[in-house]
Amino acid sequence: MEGVSYQRFPKVKIRELKDDYAKFELRDTDASMANALRRVMIAEVPTIAIDLVEIEVNSSVLNDEFIAHRLGLIPLTSERAMSMRFSRDCDACDGDGQCEFCSVEFHLRAKCMTDQTLDVTSKDLYSSDHTVVPVDFTDSAGYDSSEQRGIIIVKLRRGQELRLRAIARKGIGKDHAKWSPAATVTFMYEPEIHINEDMMETLTLEEKQSFVESSPTRVFDIDPNTQQVVVVDPEAYTYDDEVLKKAEAMGKPGLVEIYAKEDSFIFTVESTGAIKASQLVLNAIEVLKQKLDAVRLSEDTVEADDQFGELGAHMRGG
């Protein structure tokens, strides 16, 4: 219909925020936009990960390929990933992927000189850029900071040695999972639960208790003062329909009505530590905006071709 606008203005409300965890509401949008945001967070927000490993000496029990694979999966702090260049697009090194604009160099040298097993960890990786280092899990894992523990790469016995050089580059999870900044990203429709109070009054206290216990998650409870069934945590509902089946089995269909708000979503985001969960969401929104701008530009290009024909394509070099 001419003159009608379908533009919407999504709103975000933060529920919980930690360095590696975020829970927020996304309202006034639809499932396509929510799923697009989820997919971008998982697969298209860039991070930095080890992509090339040159082994000089390896007398450990693990072969070279195994160690290279383990190195690639170590999350690296990636706050500057958005401003770095992709190695394939870097004109400073002609796509070689080994210059300061598109890569970071790491070195590792470890040799066991005692009878005690030596743990070679991510703490032993020395970076050429102090802003790109292996993620430190000391605090979150509950270790004493004096232990200086990192992610174990390999264990060495007396006389065994590992020396290598590694190059870390910018990438996205769509190319390889080691570049994904998200441990998990999920969203659910916000449930809206209505109890038929008149029908609930016809139940005995034992029936009410049986109804409350039919939910696998603690969605309902009984108020100790009024003996009424109340909704204590609507977001705990997992759309399993157990309470609806229980109501029908009790001969009380319609005892409770549960709807999914189709324009309201609850997101849970867990980061690998490469970037903070809050920054992961912001970077995903920025990437999504860039993709939408590209779509808008392509539509404008099609309109220009319709208007100017071969002249427009010629001016773009087509």
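Biologist: What makes Arg85 count as lying over the face of Phe101?

Modeller: A charge sits over a ring if NZ of Lys or CZ of Arg is within 6 Å of the ring centre and within 35 degrees of the ring normal. Arg85 lies over the face of Phe101, at 4.5 Å from the ring centre. Likewise, the charged end of Arg88 sits over the ring of Phe86, 4.6 Å from its centre. Keep in mind that this is a predicted model, where local features need pLDDT of at least 70, side-chain atom pairs count only at pLDDT 80 or more, and totals for chains, interfaces and linings use all residues. Residues are numbered from 1 along each chain as its sequence is written, and side-chain values use heavy atoms, leaving out hydrogens and water.

Biologist: Why is Cys90 called buried?

Modeller: Buried means under 20% relative accessible area, exposed over 50%, and partly exposed in between (1.4 Å probe, protein chains only). Cys90 has 3%, so it's buried.

Biologist: What makes the pair of Phe24 and Phe267 stacked?

Modeller: Rings of Phe, Tyr and Trp (its six-membered ring) pair if their centres lie within 6.5 Å; planes under 30 degrees apart count as stacked, over 60 as edge-to-face and the rest as tilted. The centres of Phe24 and Phe267 are 5.0 Å apart and their planes at 5°, so this pair is stacked.
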